[in-house]
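Please keep the sequence and the structure in view while reading.

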Amino acid sequence: LWKYDPATLAWQQRASMTVAKSRHAAATAGGKLYLFGGTSDGGSTVVADLLRYDPVTDTWAAMQVGPSARAWSGMVELGGDLYILGGANGVGSNALKDVWKYKIATNTWVQLADMPNVFSIGGVAVAIGGKIFAAFGSQLYIYDPAKDQWSLGEPPPTWVTNSAGAAVSGLLYTACGTGNDVAGSTYYNRLQEYDPATNTWRKLS
């Protein structure tokens, strides 16, 4: 684990994870870092563990194991809890659309309404205005936790897989990624912006 300080532009090594892994989901909540699922054993084994890192003590702790092993999930913090979106239950396996909430206060898992379709490799999920916005492939899914319901937003103009993204000032951004198939035969360098207030996308590059 490495910490980057924007003020000094310096990197500092911190405590290593208790297990080596890749293809996991990550999010922060309550000043701590959480990692869920992914693969271990060089990518051959899909896992369901949930790890928590405390930057104050520079230590890792194992939390309640997730409902099932999966890699390539989305993970979002909303209202003090963590939401796990989809993923894949094996290397090369079909993508998933189930959704789970990890309740930090009680260290327990609760299943929520499924997404309208699958969410997996390199999708982008963020929380804005009390809702979750998840872009994957040619779809944008919107989750309302008050109703435990999903709806569809305006589709992204550029396919979203193997992408990176974030929420900035109430807007969703997705950057780069691969083409209109999960195998990713085409690579993109595009940046696109979604405005929840108007349900519209804008290509920035």
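## The open sheet

Two strands are said to pair if DSSP finds at least two bridges between them. Strands (E, at least two residues) are DSSP runs, numbered from the N terminus. The model is predicted: local features need pLDDT of at least 70 and side-chain atom pairs count only at pLDDT 80 or more, while totals for chains, interfaces and linings use all residues. Residues are numbered from 1 along each chain as its sequence is written, and side-chain values use heavy atoms, with hydrogens and water left out.

Strand β7 (residues 50-54) pairs with β8 in the antiparallel sense over 4 bridges. Within this region, Y53 has W60 in β8 as its bridge partner. Both strands belong to an open, antiparallel sheet of 4 strands in the order β3-β4-β7-β8. Because β3 (25-29) and β8 (59-62) each have a single partner strand, they stand at the edges, and one side of each is left without a neighbour in the sheet. From one strand to the next, the twist averages 25°, where axes are lines fitted to C-alpha atoms and angles run from 0 to 180 degrees between N-to-C directions.

## The nonpolar cores

A nonpolar core is a set of buried Ala, Val, Leu, Ile, Met, Phe, Trp, Tyr and Cys residues joined through side-chain atoms within 4.5 Å. Buried means under 20% relative accessible area, exposed over 50%, and partly exposed in between (1.4 Å probe, protein chains only). The largest such core has 15 residues, of which Y83, L85, M115, F119, I132, A134 and W150 touch the most other members. At least two residues each come from β9 (74-78), β10 (81-88), β14 (131-136) and β15 (139-144). Of these, β14 gives the most, with 3 residues.

A second, separate core of 13 residues includes Y34, I84, W100 and W109.

## Individual residues

Is T178 buried or exposed? T178 counts as buried, because its relative accessibility is 4%. This residue is found in strand β18 (residues 171-178). Its side chain makes a polar contact with the side chain of N162 at 2.9 Å (a pair of N or O atoms within 3.5 Å, one able to donate a hydrogen and the other to accept it; residues adjacent in sequence count only if both atoms are side-chain atoms).

Most residues other than glycine have a negative phi. L9, however, has a positive phi near 55°. L9 lies in the loop between β1 (2-5) and β2 (10-13) and is exposed, with a relative accessible area of 62%. C176, in strand β18, also has a positive phi, of about 55°; C176 is partly exposed at 39%.
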